[in-house]
Structures are given as structure tokens and as C-alpha cells.
Amino acid sequence: NAETKKNRPGVKAMVSPEYLLRVLSGVYPDIALLICNHIEYTIDPIYTTMVLQKKDKAAVWTELCSSCPTTTTSNEQDATYYSLLPPSQIKENMTWEEMVQQIMPPLQAIIPAGSIQYMPLLYCKLCRVVSSFFATQQKQLTEDENDDDMSRSMDAYTWKFLTTFLVPSLSLFPSNPAICSELWSVLSLLPYHMRYKLYNQWRKPFLEKESLRATTTARSSHQRAPKKRSKYIKPLPIIESEVQTGLASRATLKRLSKDNVKDMGRQLSKYAHNNPLVVFTKILNQIESYDNLIIMMVETFRFVSVLGLDVISYCLLVSLGGGDA
């Protein structure tokens, strides 16, 4: 009532459900798992149409289960949960833009807490659905059309989905080459300038501790002036993963020599599966100071994934261009 608002001037409105879900998913992992289960149930009809009908269903399921660790939810709990849900709003003939508009609200609730790390199977399913849509869109382009037409046809929802969720979430799965290859199956269908834009957004605002300082400054400025809020604030779990990868890669580079280049190279490539920007930025900084590392780094790049090799080319251009410029 009016008297309560006068006594409590700071309370202007009720807390939005989206904000409440973001907070609860970070505090209670069980709620984050329920949101992930809901997203998986939502995309199930279109996943069955776009992916499972093109391959053997048993083979795809075996491949996913072998590449990703299982969750703690049992089959009986899954059956009980899915029986209580309403019918999925996503139909088999739904377009990609309509699907992204349906799944982005629940995804926005789990992005700040990095809750997708509890469901690697869901991440793989999303990658395969996106790659199927992009492959279909690529086939529809005529010979006269080029990569610029594909980039212009990408809507804002798809770009937001890629920049805020799909690409940065790779940092939450440490040393998992299977998930790295699933993401590359999506990015390989995009032209190189769009991939480099995605890597640039993944790199922003900074890497490791500098990113944490920028995030803290952005949050404090948002509290003082909400209208001047930054467009993107890197989630804390991603920053934590970058810091851990940076510490491990620096320790490995200190031990690198001509005698153990193969062992240390495999170790560096292992760290680069989930945070290639951090590892290759460290390597290029070391090469700028010590020229004798070039031959050993070339030997190291033999063990890097295809996505890592593509990120190396981006990091080289950034280094030659003098940073973000």
C-alpha cells in the first residue's frame, strides 16, 4: 500500500522472476539442473527432427554419452520430471529464429552462474541443433550469394545466443576435446570474419584478472548509474576458469625445454581445449620476449585441436595489430 511505500522508499517494485531465477540458479545447483532439464525438454522435438533422423538414434546417443559425463539425475527422476511438464512449445517445423526466442529466457537465467557446466550433454545437443540449422541455411544460399549474405541474414537473437552463451560456455568444460569439436562443428560453418568477431567478444573485456577488475568496475558503475551499464559483463565462473588456465599454462611454460617439448606441448594443448585465447596469448607473449621458443611452439601446435588452430590465427592478428585495434 501507499504507507508501506512511504516507509520503505527503496522498494519500488517486486523482484522480476528472471532476476530471481538467475540468483537461485547460482546459489542452488538443483534449480540450475531443473532449468537445464527444461531447456533439454523444450528442444527435444526439433533435435529429433534435425539430428536424430539424419543419424542412427542409438549411435548418436552412445556417442553423446561416451563424450560427456553423465549427470546425477536418475532415469526414474527424469521420467517423473518430464511427465509433469506441459507439451513443448517448440514444434518440428519451427525456424531457428523462433527457437532461439523460446530458449533464450531460460538460458539468460543460467548464464551468469555458469550452470551449463552441470549439463554437458545439453551443450552438445545445442551445438548439434545449431550446426544443423546453419548447414541447412548454407545449402539454401545460391552460388551468387557469398559469406556476407549469410552474415547479414543472422538476426540479433542468434548473435546474442552465440556471443553470450555458446562460445563463452566452452571455458566451463575443462580439458574436454569432445565438446571443443562440437563447438567447432558450429563455427566451421561461419565465415572467418564472423568467427573472429565471436573470438573478439569472447576475449572482451579482458582475460583473467584484468577481466575481473573490469567486471568489478562495471558492476560498481552500474550501481551508481544504472543507465550506463556495460553491454556484457563476463560471468565469474568463466573468469575463474581463465585464471586457473592462465596459472597452469604459465607453470608449464616455465618447465618447457627441448627435452620435454612433446610432454609439455600435450599439456598446453590440453589446457587450450577450453580456454584457447588464454593459452595462446601467453605463448605469443613469451615468443615476443624469447625468439628461441618459436621452434618449440611449432612442435606444440601439432597437438592442438582444429578450433585451437583457428584461434591461433586470430591471436596472431591481434598481436600484430597491437591489441584490440
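Visitor: Where is the kink in α3?
Guide: At D44, shortly before the proline P45, with an angle of about 50°. The bend at a residue is the angle between axes fitted to the seven residues ending there and the seven starting there.

Visitor: And what kind of model is this?
Guide: It is a predicted model, where local features need pLDDT of at least 70 and side-chain atom pairs 80 or more, while totals for chains, interfaces and linings use all residues. Residues are numbered from 1 along each chain as its sequence is written, and side-chain values use heavy atoms, without hydrogens and water.

Visitor: New topic: how many aromatic pairs are there?
Guide: Eight in the whole structure. Rings of Phe, Tyr and Trp (its six-membered ring) pair if their centres lie within 6.5 Å; planes under 30 degrees apart are stacked, over 60 edge-to-face, the rest tilted. F280 and F301 form an edge-to-face pair, 6.0 Å centre to centre with 85° between the planes.

Visitor: Is F280 buried or exposed?
Guide: Buried, at 3% relative accessible area. F301 is partly exposed at 22%. Buried means under 20%, exposed over 50%, partly exposed in between (1.4 Å probe, protein chains only).

Visitor: Which residues form an aromatic cluster?
Guide: Y123, F161, F165 and F173 form one.

Notes:
Helix = DSSP H or I, 4+ residues; strand = E, 2+ residues; numbered from the N terminus.
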